[in-house]
Amino acid sequence: MSQWKQIQQLEIRLLEHVDYLYDDNFPMDIRQGLSSWIETQDWDTAANEEPMAGVLFTNLLSQLDRVRSQEQNFLQRHNMKIIQQQLQVKYTSNPTVMARVISTCLREERRILSSACMQEQGPLERSLQNSVAFERQKNMDNRVAIIRGSVQLMDQAVKSIEDMQDDFDFRYKTLQARESSDARQNPEMMKQEVTTLQAMLNSLDFKRKEILSKMDDVIKEIEDLMSSQLNPELQDWKRRQQIAAIGGPQLTGLEQLHSWFTLTAQSLFQMKRQLDKLADLIVKVTYESDPIPLQKPQMEERVKYLIYHLIKSSFVVEKQPCMPTHPQKPLIIKTGVQFTTKVRLLVKLPEVDYQLKVKTTFDKDLPPGRVRQFFILTNNTKVMDIEDYSNGCLSVEFRHLQLKEKKYINGTKGNEGLLSVTEELHSLSFEACFTVQGLTIDLETCSLPLVVISNVSQLPGGWVSVMWYNLLSDEPRNLAFFGNPPRATWSQLSEVLSWQFSTFAGKGLNKEQLSMLGGKLLGQHASCSDYQVSWSKLSKENISGKPFSFWMWLDSILELIKKHLMPVWNENYIMGFVSKEMERTLLKDKEPGTFLLRFSESHLGGITFTWVEHGDNGEVKFNSVEPYTKNRLSALPFADIIRDYKVISEGVVPENPLKFLYPDIPKDEAFGRLYNIQPSKVHPYITSTLIPISQLRSNTTTTPSACQSPEPPMTPGEFDMLSEHLCFDINSMSSPYSE
């Protein structure tokens with residue numbers, strides 16, 4: 001079943017989350033109309049490769065043309081034409097943005113499907129998606145709008161004061177001009193005029209005090225807004241960015257933050273202009289106890305302080321450092337390989353009359369004792385610019401950064417610290433400086449902690465370090481974190497592990513699979529969701545009796561699914577993490593030929609299947625095939641292995657023992673859609689097919705038999721020769737592989 005069809009079968013609560021994904025950037029009409037085509041394209045790679053993104057964008061427009069031409073409904077055709085035109089305007093000059101949007105939507109769909117399988121959200125996801133957060137954001141919208149309205153009303157008040165003052169100034173100067181003559185000729189009239197001027201001055205004084213009082217109230221409101229809501233919302237976004245980086249819910253809210261920051265900045269800039277206008281007014285008219293010269297300097301300093309800190313905090317890393325070769329594993333950098341990152345100002349600034357340059361620095365503040373040090377090999381300075389497809393924000397993307405490790409006096413590279421390479425954390429800093437409306441502002445921000453590797457074999461260890469840090473720490477630059485790493489509860493860890501499967505394998509883990517994983521990692525403590533899991537237990541200690549850690553075992557399974565088992569995995573046909581003991585319990589009462597699929601417990605990156613047989617005397621036999629690893633699956637798709645699998649036993653005609661996928665699904669009904677279609681025989685050659693064959697040892701006990709498959713699988717011709725010329729003595733066979 002396609003991903004989009006699965007989405008449409010979700011309950012309303014989850015469909016509301018899906019609805020939130022689609023807007024003018026990627027309309028749901030396109031997702032619906034091109035669902036099959038969209039799901040077969042590699043949007044993850046295209047998001048980081050502009051030529052590929054350009055090709056996919058062109059193909060998408062062609063697909064839209066095709067669907068539109070087939071649409072019978074006139075209104076639908078019209079709507080699709082409008083959508084197509086909007087996409088061309090938005091993405092023609094930057095197709096990678098479109099690829100990134102679609103990639104994010106597909107990934108989020110998979111996460112939503114995964115959460116549906118789990119039947120309930122994990123603790124992290126619940127904390128990030130709740131009605132309280134929604135209400136908080138609505139309140140924020142209202143407060144920002146009220147402040148904006150208040151500041152605009154103060155503009156009218158300042159203009160009214162200016163008009164009152166001009167009127168007073170005119171009448172005062174007129175009185176001065178005729179004071180000497182009119183005082184002698186009409187003293188009563190002069191006295192009345194002075195009284196009028198005094199009343200005007202009193203009214204002007206009242207209005208000045210009133211506007212300053214209102215300004216003071218608005219400044220206090222903005223101070224409270226920034227400290228109690230705006231800054232916490234920014235920290236919340238940064239936390240959600242951490243969670244999204246390790247496979248969590250899609251990161252949203254940056255445009256909302258941009259709106260809040262910009263509207264607040266506009267209010268502050270407008271208030272600064274109002275204070276400047278009040279300063280101009282006292283040049284013309286001032287008097288004893290005039291409130292403007294008494295209160296204006298302090299207010300101006302408060303406004304400048306708020307502008308400074310608002311803009312300074314608005315300098316954020318929009319896209320964390322990431323190698324284009326591994327778009328779903330950010331924050332891992334390999335020396336000598338280019339990586340990208342992007343910073344952005346959340347405030348839309350007034351026009352600046354010079355270029356705003358951003359400089360990157362690697363490892364600006366290393367913790368003491370750190371041995372390995374790196375420097376940026378390529379150009380580390382770029383100019384911020386307004387994005388064409390944005391609402392006027394300033395940003396800059398570094399696309400070709402590259403690290404090189406420093407060499408030391410003895411000519412060797414340093415790696416003698418107490419921490420492993422993948423436990424050493426590093427940081428990428430960004431700095432800029434500019435002046436706006438007389439304020440000089442130094443900007444500085446930094447990436448989340450990075451892991452630097454020198455060999456791709458270190459990637460799994462680097463990724464689990466990134467996961468552990470961002471799961472348990474919200475500090476932006478705690479580079480000494482792995483000196484004493486905290487523990488995680490199993491409920492926290494299991495949620496993140498499920499995210500890895502939804503991100504890399506297309507479908508997350510359900511409760512049963514997570515329970516099986518918990519049993520493997522925690523043993524008797526698996527049922528306790530609050531059980532504390534140590535960093536060492538997950539990634540450093542070997543599984544009992546095995547030469548590898550729990551994480552290395554799980555990561556190898558993720559790679560196997562991603563490269564060779566994705567269709568079978570997404571159809572829910574792989575039970576996965578069931579133990580051999582549980583496997584026998586599940587199969588013993590099933591029909592002969594019933595089999596299930598599980599991952600090998602003794603191989604890194606291996607999948608095996610076990611089937612049940614019933615003897616004439618009622619005995620139950622279990623047969624497990626030697627695990628298939630990436631080398632064997634590269635030669636033959638797994639669904640075809642299930643279809644063509646044969647067993648040779650005691651000279652009996654070879655047959656496929658696999659009849660029903662557990663619990664009782666006929667094999668061809670389950671896998672038929674995944675079989676490779678046989679090529680048509682229009683060429684002069686006889687087609688050949690690779691057939692996986694096992695030699696089955698006779699066994700009189702009820703313990704599992706082992707089936708050892710030749711490498712590589714035999715062609716039909718080789719199989720015929722084998723069956724015709726060889727007679728197997730089962731008892732004299734060498735010891736078979738035991739899973």
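A cavity is a set of grid points where a 1.4 Å probe fits but cannot get out, and its lining residues have an atom within 4 Å of a point. Keep that in mind as you work through these exercises on a predicted model.

**Exercise 1. How many cavities of 30 Å³ or more does the structure hold, and which residues line the largest cavity?**

Step 1. Start with the count: there is one cavity of 30 Å³ or more.

Step 2. Look up the space inside. The largest cavity holds about 40 Å³.

Step 3. The lining consists of Lys-329, Phe-504, Asp-555, Leu-558, Glu-559 and Lys-562.

Step 4. Sort these residues by type. Four are charged, two are nonpolar and none is polar.

Step 5. Ask which element contributes the most. That is helix H18, residues 550–570, with four residues in the lining.

**Exercise 2. What is the volume of the second largest pocket, and which residues lie closest to its centre?**

Step 1. Begin with the volume, which is about 1,300 Å³ for the second largest pocket.

Step 2. Now go to its centre. Out of 46 lining residues, Phe-504, Ala-505, Lys-562, Lys-563 and Met-566 are the closest to that point.

Step 3. Trace the elements around the pocket. Those giving two or more residues to the lining include helix H1 (3–8), helix H8 (95–118) and helix H15 (490–504). H18 gives the most, with eleven residues.

Step 4. Sort the lining by type: 16 residues are nonpolar, 16 are polar and 14 are charged.

Step 5. Link back to Exercise 1.

**Exercise 3. Which residues of the largest nonpolar core touch the most other members?**

Step 1. Recall a general idea: in soluble globular proteins, nonpolar side chains tend to be buried together.

Step 2. Apply the idea to this model. The largest nonpolar core has 151 residues, and those touching the most other members are Ile-311, Phe-501, Leu-597, Ile-607, Phe-609, Phe-638 and Phe-671. Helix H11 (residues 187–245) gives the most to this core, with 18 residues.

Step 3. Note that another core lies apart from it, with 34 residues, including Phe-26, Leu-64, Val-67 and Ala-99.

Step 4. Zoom in on one member. Leaving out residues up to four places away in sequence, the contacts of Phe-501 include Leu-554, Ile-557, Leu-558, Ile-561, Trp-569 and Phe-577.

Step 5. Step back to the whole protein. Buried residues make up 47% of its 739 residues. Among contacts with a separation of 6 or more, 72% are between residues 24 or more positions apart.

**Exercise 4. Is Thr-96 buried or exposed?**

Step 1. Locate the residue: Thr-96 sits in helix H8.

Step 2. Use the cut-off. Buried means under 20% relative accessible area. Thr-96 has 5% relative accessibility, so it counts as buried.

Step 3. See what surrounds it. Apart from residues up to four places away in sequence, Thr-96 touches Ala-46, Ala-47, Glu-49, Glu-50, Ala-53 and Arg-399.

Step 4. Try the cut-off again on Val-620, in strand E18 (residues 620–625). Its relative accessible area is 18%, so Val-620 is buried as well.

**Exercise 5. Where do Ser-289 and Asp-363 lie, and is each of them buried or exposed?**

Step 1. Check its backbone: phi of Ser-289 is positive, about 65°, although the residue is not a glycine.

Step 2. Judge its exposure. Exposed means over 50%. With a relative accessible area of 53%, Ser-289 is therefore exposed.

Step 3. Turn to Asp-363, found in the loop between strand E4 (357–362) and strand E5 (374–376). Its phi is near 55°, again a positive value in a residue other than glycine.

Step 4. The relative accessible area of Asp-363 is 11%, so Asp-363 is buried.

**Exercise 6. Which peptide bond is cis, with omega near 5°?**

Step 1. Follow the chain to Tyr-662. The bond from Tyr-662 to Pro-663 is the cis one, and its omega is near 5°.

Step 2. Find its setting. Pro-663 lies in the loop between strand E21 (660–661) and strand E22 (665–666).

Definitions and conventions. Residues numbered from 1 in each chain as written. Predicted model: local features only at pLDDT ≥ 70, side-chain atom pairs only at ≥ 80, totals over all residues. Heavy atoms only, no water. Core = buried A, V, L, I, M, F, W, Y, C linked by side-chain atoms within 4.5 Å. Buried < 20%, exposed > 50% of the residue type's maximum accessible area, 1.4 Å probe, protein only. Contact = heavy atoms within 4.5 Å. 1 Å grid on protein atoms, 1.4 Å probe; cavity = no way out; pocket = protein on both sides within 12 Å on 5 of 7 lines; lining within 4 Å. Points joined across faces, edges and corners; volume = space filled by probe spheres on them. Nonpolar A, V, L, I, M, F, W, Y, C, P; charged D, E, K, R; others polar.
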